[in-house]
Amino acid sequence: MADQTPAPETPRARDFIRELVADDVATGRFGRAPATRFPPEPNGFLHMGHAKSICLNFGIAREFGGTCNLRFDDTNPFTEDAKYVEAIKRDVAWLGFTWDGEFYASDYFERLYEIAEGLVTRGKAYVDDQTEEQIRTNRGTVTSPGTPSPWRDRTPAENLDLLRRMKAGEFEDGARVLRARIDMAHPNMVMRDPLLLRIRRGAHHYRRGTSWQVFPLYDFAHGLSDAIEGITRSLCTLEFKDNREIYDWLVREAGFASPPTQIEFARLELDYTVLSKRKLLRLVNEGHVAGWDDPRMPTIAGLRRRGVRPEAIRTFAETIGVARKDARVEIAIFEHAVRDDLNMEVPRRLAVLNPVKVVLTNYPEGQVEQLEAQDYPHDVPRTGTRTIPFSRELYIDRDDFLEDPPKKFFRLSPGNEVRLRFGYIIRCEEVVKDAAGRIVELRCTYDPETRSGGANSDRKVKGTIHWVSAPHALSCEVRLYDRLFRQPDPDDVPEGQDFLAALNPESLVVIADAKVEPTVAADPVGTRYQFERTGYFMTDVVDSAPGRLVFNRIVGLRDSWAKELKKG
RNA sequence: UGCCCCUUAGCUCAACUGGCAGAGCGUCUGACUCUGGAUCAGAAGGUUCCUGGUUCGAUCCCAGGAGGGGCAACCA
């Protein structure tokens with residue numbers, strides 16, 4: 001009774017995929033350690049959806065003592081580029097994962113072609129001369145069977161001859177394709193003689209140049225690439241469920257002894273953003289954002305530039321888990337993961353985003369005190385202090401003063417007191433306005449007995465606000481980033497409009513002249529802080545420089561005052 | 001001749017494969033106070049989509065239905 005029973009080590013709740021992998025290990029099904037792969041196509045930057053997949057694939061390999069390859073699924077010469085390969089590698093590494101093998105589907109083209117010849121020889125594939133349009137029409141519809149191609153019954157010898165001439169570059173693009181010979185009336189559309197190889201004679205592949213001319217399609221390349229690498233479980237998203245049948249058909253026909261098995265999980269959908277490479281590409285190409293690494297983008301590069309740490313992304317991926325049903329995740333879950341991570345890691349600083357001047361009328365002119373300020377709050381297990389200057393003229397945030405405050409407003413107002421963080425208690429005596437009625441200065445008095453840490457510092461006031469010393473503060477630019485879209489589902493727009501109609505015009509608000517305490521001047525670019533009572537910020541790695549401070553807001557703090565206001 | 005998934009708390013998921021439906025986030029309440037936008041504690045919240053069936057017992061198995069989603073690119 002007396003001694004505390006230590007909390008039992010509760011194993012993290014397993015998802016259905018990890019259960020299957022654990023079964024594989026227990027039964028020795030594959031006769032080898034679990035092997036996964038992350039297979040991006042190098043035609044765009046990685047985003048949060050990919051991060052989920054990366055954490056899953058690499059996480060499983062790590063947990064089960066297996067391997068995870070990075071494989072570029074580069075089978076479409078029209079859209080792929082080496083610059084995307086580099087960006088993807090950088091992003092995966094930044095997320096904290098090391099791949100076992102680095103492979104390219106384009107390195108398997110020869111092997112795939114040999115498998116194609118094998119299929120042709122055994123009557124399992126044929127060369128089709130139909131036009132693209134005819135192929136589409138003759139595939140039938142979801143409710144009606146397709147029509148066999150007139151070329152479907154060519155002899156293996158004829159098919160082999162045509163296939164070789166396709167490879168040799170004798171035919172125009174689109175003149176012929178290689179198709180699997182399965183069933184044109186199959187209830188699964190994917191199995192209606194799927195296309196295997198298409199001719200791209202003029203195309204320039206970023207790795208193969210113009211030397212290779214018959215390119216495999218996804219279905220043909222993907223499962224076989226997995227099999228070639230000895231993958232055990234091939235994890236992909238739900239929309240590939242129907243493709244599993246052709247995946248299994250191909251690895252079986254190719255004669256792999258212990259072929260991989262595909263498992264599908266739900267792709268991530270995140271509120272207030274889009275996670276589709278096609279849509280992200282449009283945002284970039286049409287100039288709605290500044291680039292793939294715009295801090296508003298849900299790309300790994302964008303999140304990195306904004307200041308999110310990889311730890312937060314990994315925690316988020318773990319939190320949302322994986323499931324077999326569609327998953328739309330609230331952005332609050334992500335923001336919570338980001339705050340939770342930063343809370344324990346980054347030092348506090350004082351910054352005033354929307355400054356209004358405060359003059360302490362009873363503070364000696366010309367006097368400057370150095371105040372000691374804690375870098376971390378009492379409940380964060382880190383230590384550190386700094387000194388910040390205090391003087392007669394200060395800035396506080398305009399939001400922290402109200403001439404006519406509502407109930408429960410515990411900040412500064414005429415005749416009322418508030419504590420300046422790490423400093424003194426002050427009282428507002430007079431409000432100075434310009435001709436237009438705008439407040440230009442608050443004339444206050446301070447209580448010299450209440451300096452933080454001093455003998456009589458424990459006098460209580462309701463509120464504490466942040467401030468900076470006007471003559472010492474550094475001017476800086478602050479970029480307040482917000483959700484890119486103004487509604488949870490950007491695709492939920494009226495007929496005739498697309499997701500761009502839901503763009504949030506205030507996703508970036510730039511404050512040209514904010515004030516920050518001088519201690520940040522010496523920190524390297526890319527340093528993160530919490531600006532007390534405001535949010536988490538990082539100096540922008542591209543635009544910030546000594547003498548020109550630029551801060552990105554990573555995420556705000558939880559806004560319980562706004563909630564209080566809403567309640568009325 | 002359609003096929004394949006999915007449906008459990010506001011949201012995302014659990015429930016050891018038939019045994020008193022749980023967790024995180026969110027919400028609410030309280031505590032604390034030099035972050036009243038930090039932190040901590042507690043609470044509320046359920047016809048497990050519906051209708052039958054099997055069973056001592058069904059979220060789980062079976063049948064039918066409803067709702068949501070995927071598939072008819074020489075994209076992946």
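Q: What makes helix 2 mostly covered?
A: Here 14 of its 16 residues are buried. Keep in mind that this is a predicted model.

Q: How do you know that the span of helix 2 agrees with what its residues should give?
A: Count 1.5 Å a residue, and the 16 residues of helix 2 should span 22 Å. The C-alpha atoms at its ends are 22 Å apart, so the two agree.

Q: What follows helix 2, and what is its phi like?
A: That's G65, and its phi is positive, near 65°.

Q: Which element gives the most to the lining of the second largest pocket?
A: Helix 2 does, with 4 residues. The pocket holds about 680 Å³ of space. Its lining has 28 residues, and the closest to the centre are P39, H50, T237, F240 and R267. Strand 1, helix 2, helix 7 and strand 8 each give two or more residues to that lining.

Q: How do the lining residues of the second largest pocket divide into nonpolar, polar and charged?
A: There are 10 nonpolar, 10 polar and 8 charged.

Q: Why is S225 called buried?
A: Buried means under 20% relative accessible area. S225 has 0%, so it counts as buried. You'll find S225 in helix 7. Leaving aside neighbours within four places in sequence, S225 is in contact with R71, A105 and Y108.

Q: Is D193 buried or exposed, and what makes it so?
A: Its relative accessibility is 0%, and the limit for buried is under 20%, so D193 counts as buried. D193 sits in the loop between strand 5 and strand 6. Its phi is near 50°, which is a positive value in a residue other than glycine.

Q: Which value does phi of Y272 come near?
A: Near 65°, again positive in a residue other than glycine. Y272 is in the loop between strand 10 and helix 9.

**Salt bridges**

Q: What makes E102 and K89 a salt bridge?
A: The rule asks for a side-chain nitrogen of Lys or Arg within 4 Å of a carboxyl oxygen of Asp or Glu. The closest N and O atoms of E102 and K89 are 3.1 Å apart, so the pair passes. The pair links distant parts of the chain, with E102 in strand 3 and K89 in helix 3, 13 residues apart.

Q: What is the distance between the closest N and O atoms of D294 and R296?
A: They are 2.9 Å apart, and D294 forms a salt bridge with R296. Both D294 and R296 are buried.

Q: How many salt bridges are there by this rule?
A: The count comes to 61. Some are linked in a network: D293, R305, E477, R479, D540, D543 and R548 belong to it.

Q: How do you know that the span of helix 3 agrees with its residues?
A: At 1.5 Å a residue, its 13 residues should span 18 Å, and the end C-alpha atoms are 18 Å apart, so it agrees. The buried residues of helix 3 are Y84, V85, A87, I88, K89, D91 and V92. What covers them includes strand 1, helix 2 and helix 9.

Q: What should helix 12 span at 1.5 Å a residue?
A: Its 15 residues should span 21 Å; the end C-alpha atoms are 22 Å apart, which agrees. Among the buried residues of helix 12 are I331, F334 and L342.

How values were computed. Residues numbered from 1 in each chain as written. Chains lettered and ligands numbered in written order. Predicted model: local features only at pLDDT ≥ 70, side-chain atom pairs only at ≥ 80, totals over all residues. Heavy atoms only, no water. 1 Å grid on protein atoms, 1.4 Å probe; cavity = no way out; pocket = protein on both sides within 12 Å on 5 of 7 lines; lining within 4 Å. Points joined across faces, edges and corners; volume = space filled by probe spheres on them. Nonpolar A, V, L, I, M, F, W, Y, C, P; charged D, E, K, R; others polar. Expected span 1.5 Å × (residues − 1). Buried < 20%, exposed > 50% of the residue type's maximum accessible area, 1.4 Å probe, protein only. Contact = heavy atoms within 4.5 Å.
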